[in-house]
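Hi,

Here is the structure we talked about. Please open it first, then read the notes below.

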Amino acid sequence: MTLKAKIKKINLTDIKNSLFRFFKSEKTRKRASIIYGVVWNLTLLFFIVLLLGGGLAFGIGAGYFASLVKDEQLRSYDEMKKDIYNYEEISNVYFANGVYLGKLRSDLEREEVKLEDVSPYLIDAVIATEDEYFYEHNGVVPKAILRAIFQEVTNSQTQTGGSTLTQQLIKNQILSSEVSFERKAKEILLALRVEKFFEKEEILEAYLNVATFGRNSSGRNIAGVQSAAKGIFGVSAKELNLPQAAFIAGLPQSPFRYTPFTNQGTRKENIDYGLNRMKTVLQRMFENGKITKDQYEEALAYDITKDFIPPGKTTVQEYPFLTMEIEKRATEALAQVLAEKDGYTKEDLAKNDNLRAEYRQLAERDLRQNGYEIHTTIHKDIYDAMQKAKDQYNLYGDMIEDEEIDPETGEKRIVKKPVEVGAVLIENKTGRILSFVGGRDFSISQLNHAFSARRSNGSTMKPILVEAPPMEMGLLQPGSVLPDIPLKLNPQKDEPWPKNYGGSHSGLVSVRYAITKSYNIPAVKAYTDILDKRPAEYLVKMGFTSLHDEDFVNRSTAIGGLYYGVTVEENTNAFAALANGGTFVDAYMIEKIIDKNGKVVYQHKSEPVEVFSPQTAYLTLDIMRDVISEGTASSLNNRLKFRADWAGKTGTSQTYRDSWFVASNPNVTFGVWNGYDNNKPLQQTYKGYSYGVRNIYLWADLMNAAYDVNPELIAPQETFKMPGGIVRRSYCVVSGLLPSDTCRRAGLVETDLFKATYVPTEVDNNLIEGKYVEIGDKKYLALDSTPDDFAKSGLILAPDYAERVLGITDKDADLSELIPKKERWENVLLADDKITENGKAPSPLKIEASGLKITWKEHPHDDIIGYRVYKYGIKVASIPAGKELSYTGDNGPYFVTAVDIAGKESPPSNILMIGHDPGMEEPALPIDKPINDGEPEEPIDPGENGNGPSGNSPPANNQNRNNNSNKKPAPGD
């Protein structure tokens, strides 16, 4: 052993022995005991203080927490379930036959989806990003909450948040988004309670349906993963791939920052925020073992932008008129359902505007929140075809300038307005509205001209108010006779009213003919005769909803002069009632409404109203067939590409402000209106077509478009079937009664249809055989003494005919116009058509000659019926008054006399020698007695044949009044 080793061994041994002696000494033991006691007591004291302080802090914290949630009621399971699953889901709309249309307008678009219909990628992405401990915690993560509180208290720039998916669900569905400790405390409490009541899958499903995801490609706000998947990528939530799922899962943190679309539906220029967020989601999925490294890298390299669907139109942008109308009608239907649940009837709502407004508001909210299915009657293909045809039509007329107030500046501005259009297609038997046209351009005018614009319906009123009601009452038949002459039918006017289009008149016309030609005067006359029976009540039965009290008494109602007007739907619906055998079925568009649970909460039920008998309806339709075949709508046949049993009526309002055409076949009724929104007159002619023809052509083009889509519906093979109780009978066109022998001989008999219960049984007795004279185009009764050479045999209407048969009491009416200007009426006149004899013999005429032609002027007396021309004192011609006052003869002496209605003949005129041969001796003329230039002392008997005493010679004249010769005649033979 070395010295160094020995020294080290000695030192260690000494130290060990010293320490042993130290700890073994009594003194050391006493000191250690004292130190241990002190340390133990200090430690114990520290823990006691720490425990008391923690308890105090916990107590204070618990008390504060309790104070924050003291007003929060303890919710039951049912209450929690109702709140959690109360998604604000917009309603879906469908065309007929379940064809999807789109969604109603809403600030937020949401579509509910079940968890099993969501891509597993999306579920994993959401959990990895929003709540990685979702399946482990009980609603809250304490350390996350403490971290969030610390960050809030210290006002840290880094805010990591502490909300689980459960808490976020509570915030969205039960609480508000308010940032406060009170809201957070309630959120924690409710989250714990939700976790107690619901399974994790239920909570996750609710969250996926509630979370907001920015905007879709239409620019609408979206919530729920189904709306996000469809609105961003055009696929369902179940079809999302990994990159798509990661992109959507990243959106809820900052939806409008990360969304790729603007509020206009266009693509953002910079979408880096959204792409970077997607990469973060993918990274968390990889770190949490939800995807492999290969999947992660492949997803990072994926070009997600190519999956963004192009900007699309919203339902209201693509179908503005339709969507708005569906929304309005669905609201009305649902409001009625909600009111009935509370014990109110439809009548209660109709009578109480405030109550109706309240339930409308509730219904509007429900439609935007409860995800109903609204099924309509609109046939998509027909609707689309009509819109296209409407846009392609080029005969509307010019746009006109109009002054309006700018809604933004409040200043006046000049704008151009087009001719607008409203059209409705209704199925007769069901009342279904199959299609419509609401207007030319929704961006120009949002007024739905098919359902909301009220206009004068012009002559389309005649069949439903002037023709059918009195026919139902048994007061008119198609063959009933009406006057078409100027009449004062407005008590407020001292002039004839109304007037026919063009100002012409046709005299006596049948109801059928008056409707076919759309004459106004017969229509108002017929309506005036039944006005005391309030025929406008029939309009109420047929769905006219805006009639004013004045409409029930004003005579102008007969030709569409309504106080407020009528919609295209209402007018067309009334015609559909005629096509449905006289039974009115109110038109409708909402077929049914189904809630999100599949329960039908509203189903349309028709309530048919029998307005007219089938016989009245058929007779009215049969007349309207003539309107199309030979009346005011005959131009339709040049434009319509198919044939069907159509019956219709045209209409024009005052000063051409409205143009209508409504027509029915056994399946459908279609009405079209044209006009300007500012009530300016339509152009009477545009591109060579009248306003009426233009509207008929538009009607035809729209129907042709519908026919191309569904020919079986639009052009049925069957025709309107004539019901029992209708017979065909002949009638006298003078009165509408059974024809007499006189009527038959005159050719004044026609045949038409009659209701069997109102077939005339009385034989006409208004025609009397007699004689008349004709002056120009006027006919007058002849007297017994009227010469035969001026009198004609004919038929005379009874003296009281106009008042007794036609009800004409207008003393100023020119009754002579009752006789139609037609060949078969040539020999008919009224008994009141008389020429008053003045009691004086006519004065002599003065004649002149030019070559072989003799002329004279009209005699000044009012009772002159004609003139006689004599040659050598022998009558060679009788010329009726009103004809050309001349005679072309040959060589010889001539004079002329005037003859009045009583047969009195004037003295001879001056004698003219025409074509005179100087070598011929002038003939002697008979001389009776001299005459003065004035009136004779007594009348001269014209003889039995009205030709003077000899029957063929005039009264003698002792003076040659030839201005061309001074020679006097030699004594007669």
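This is a predicted model: local features need pLDDT of at least 70, side-chain atom pairs count only at pLDDT 80 or more; totals for chains, interfaces and linings use all residues.

**Second largest pocket: what lines it**

The lining of the second largest pocket has 18 nonpolar, eight polar and 15 charged residues.

Residues are numbered from 1 along each chain as its sequence is written, and side-chain values use heavy atoms, with hydrogens and water left out.

Back to the pocket. Its lining is made up of 41 residues. Glu332, Lys346, Asp586, Ala587 and Tyr602 lie nearest its centre. Two or more lining residues each come from helix 15 (320-341), helix 16 (346-351), helix 22 (537-541), helix 23 (568-579) and strand 15 (600-603). Helix 15 gives the largest share, nine residues. Helices (H or I, at least four residues) and strands (E, at least two) are DSSP runs, numbered from the N terminus. The pocket's volume is about 1,600 Å³. A pocket here is an open set of points on a 1 Å grid over the protein atoms alone, where a 1.4 Å probe fits, with protein on both sides within 12 Å along at least five of seven lines; lining residues have an atom within 4 Å of a point. A volume is the space filled by probe spheres set on the points.

**Nonpolar cores**

The largest nonpolar core has 156 residues. Leu322, Phe436, Met542, Trp699 and Met703 have the most contacts inside it. Another core, of 60 residues, lies apart from it and includes Ile203, Leu204, Phe233 and Ile271. A core is a set of buried Ala, Val, Leu, Ile, Met, Phe, Trp, Tyr and Cys residues joined through side-chain atoms within 4.5 Å. Buried means under 20% relative accessible area, exposed over 50%, partly exposed in between (1.4 Å probe, protein chains only).

**Backbone points to check**

Trp497 and Pro498 are joined by a cis peptide bond, with omega about 0°. Pro498 sits in the loop between strand 11 (481-484) and strand 12 (507-510).

Asn97 is not a glycine, yet its phi is positive, near 65°. Asn97 falls in the loop between strand 1 (92-94) and strand 2 (100-103). Asn97 is exposed, at 75% relative accessible area.

Lys687, also not a glycine, has a positive phi of about 55°. Lys687 is in the loop between strand 20 (685-686) and strand 21 (689-690). Lys687 is exposed, at 51%.

Best wishes

Note on methods
Ala, Val, Leu, Ile, Met, Phe, Trp, Tyr, Cys and Pro count as nonpolar, Asp, Glu, Lys and Arg as charged, and the others, Gly among them, as polar.
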